[in-house]
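Please consult the sequence and the structure shown here while reading.

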Amino acid sequence: MIAWLRTVVFRAFFYSVSFPIVATVPISALFGQHVVIAHATVWTRFHRWAARVILGVHVRIEGTRPVGPALYASKHQAMFETLELQALLDGPAMVLKEELADLPMWGWAARRYGALVIDRAASAKALRQMMREGKAAKAAGRSVLIFPEGTRVKPGETPPLKSGFAGLYRALGMPTVPIALDSGVLMPKTGAKHPGVITIRFGEVIPPGLPREEIDARVHAAINALEG
């Protein structure tokens, strides 16, 4: 009962405050990418605060980030990490589903932020576009964040990586940092949220230039290190 009460209060408070923040992103977008990134960071830090104060959710960081831009490949179990990693990784260019990028005004603002858009079918044209956008982010000195399994999964699920990850890894030639996490245990897509500690673990840095079978195997193992 207490968990459900916390969840209801969190949803009501977070989404009511988020509405004006998100609705004004297109205004920030008029002033350039740096302003959009700063605007997004305000929102994600607000989410972190609300989760901690209302839900009792805290974050434990394990491992160390490398110095400089990198390709981050993260597990995806909850909406939590899509916001938390934006702030934690200092505003990376994030791979975004096409349906989100097609939302009126919001999609335009997301592109101004520097999102890398990909469709679910992962068509050749879409993959080439994602790689061009990834190279532009790299040229601007930004890190890139991708959820290589392609979608949110439940704790314990370990699907194979989508082909777009290997293509992006090859095209960018950046060091790759796998991220394991267990957010789905406390922050499930449906049902009550629970207090506790979410672990975000930065894995060993993987150098560029590895064959697809090796990079896929190493990243898959590393992002699933907290499963089971």
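Just after α4, D90 adopts a positive phi of about 60 degrees. Helices (H or I, at least four residues) and strands (E, at least two) are DSSP runs, numbered from the N terminus. The model is predicted: local features need pLDDT of at least 70, side-chain atom pairs count only at pLDDT 80 or more, and totals for chains, interfaces and linings use all residues. Residues are numbered from 1 along each chain as its sequence is written, and side-chain values use heavy atoms, with hydrogens and water left out.

Helix α4 is mostly covered, eight of its 10 residues being buried; buried means under 20% relative accessible area, exposed over 50%, and partly exposed in between (1.4 Å probe, protein chains only). The buried residues of α4 are F80, E81, L83, E84, L85, Q86, A87 and L88.

Two packed helices are described by the angle between their axes and the distance between the axes. Here axes are lines fitted to C-alpha atoms, for helices over the stretch in contact, and angles run from 0 to 180 degrees between N-to-C directions.

| Helix pair | Axes come within | Crossing angle |
|---|---|---|
| α3 (residues 33-55) and α4 (residues 79-88) | 8 Å | roughly 125 degrees |
| α1 (residues 2-23) and α3 | 10 Å | roughly 165 degrees |
| α7 and α8 (residues 163-172) | 10 Å | roughly 40 degrees |

Angles under 35 degrees count as roughly parallel, over 145 as roughly antiparallel, 65 to 115 as roughly perpendicular and the rest as oblique. With axes crossing at roughly 125 degrees, α3 is oblique to α4. The crossing of α3 and α4 is left-handed, a term for a near helix turned anticlockwise from the far one by less than a right angle, with right-handed for clockwise. On the α3 side, I37, A40, T41, W43, T44, R45, H47, R48 and A51 meet M79, F80, L83, E84, Q86, A87 and L88 of α4, where contact means heavy atoms within 4.5 Å. By class, this contact has nine nonpolar, four polar and three charged residues; Ala, Val, Leu, Ile, Met, Phe, Trp, Tyr, Cys and Pro count as nonpolar, Asp, Glu, Lys and Arg as charged, and the others, Gly among them, as polar.

T44, found in helix α3, is buried at a relative accessible area of 3%. Not counting residues up to four places away in sequence, T44 touches L83, Q86 and A87. The T44 side chain makes a polar contact with the side chain of Q86 (2.8 Å) and reaches the backbone oxygen of T41 at 3.0 Å. A polar contact is a pair of N or O atoms within 3.5 Å; within protein, one must be able to donate a hydrogen and the other to accept it, and residues adjacent in sequence count only if both atoms are side-chain atoms.

Helices α1 and α3 are roughly antiparallel to each other, and their crossing is right-handed. From α1, R6, T7, V9, F10, F13, F14, V17, S18, I21 and V22 contribute to the contact, together with H39, W43, F46, H47, W49, A50, A51, I54 and L55 of α3.

D119 lies in the loop between β4 (116-118) and α7 (124-139) and counts as buried at 17% relative accessibility. D119 touches E98 and A126, not counting residues up to four places away in sequence.
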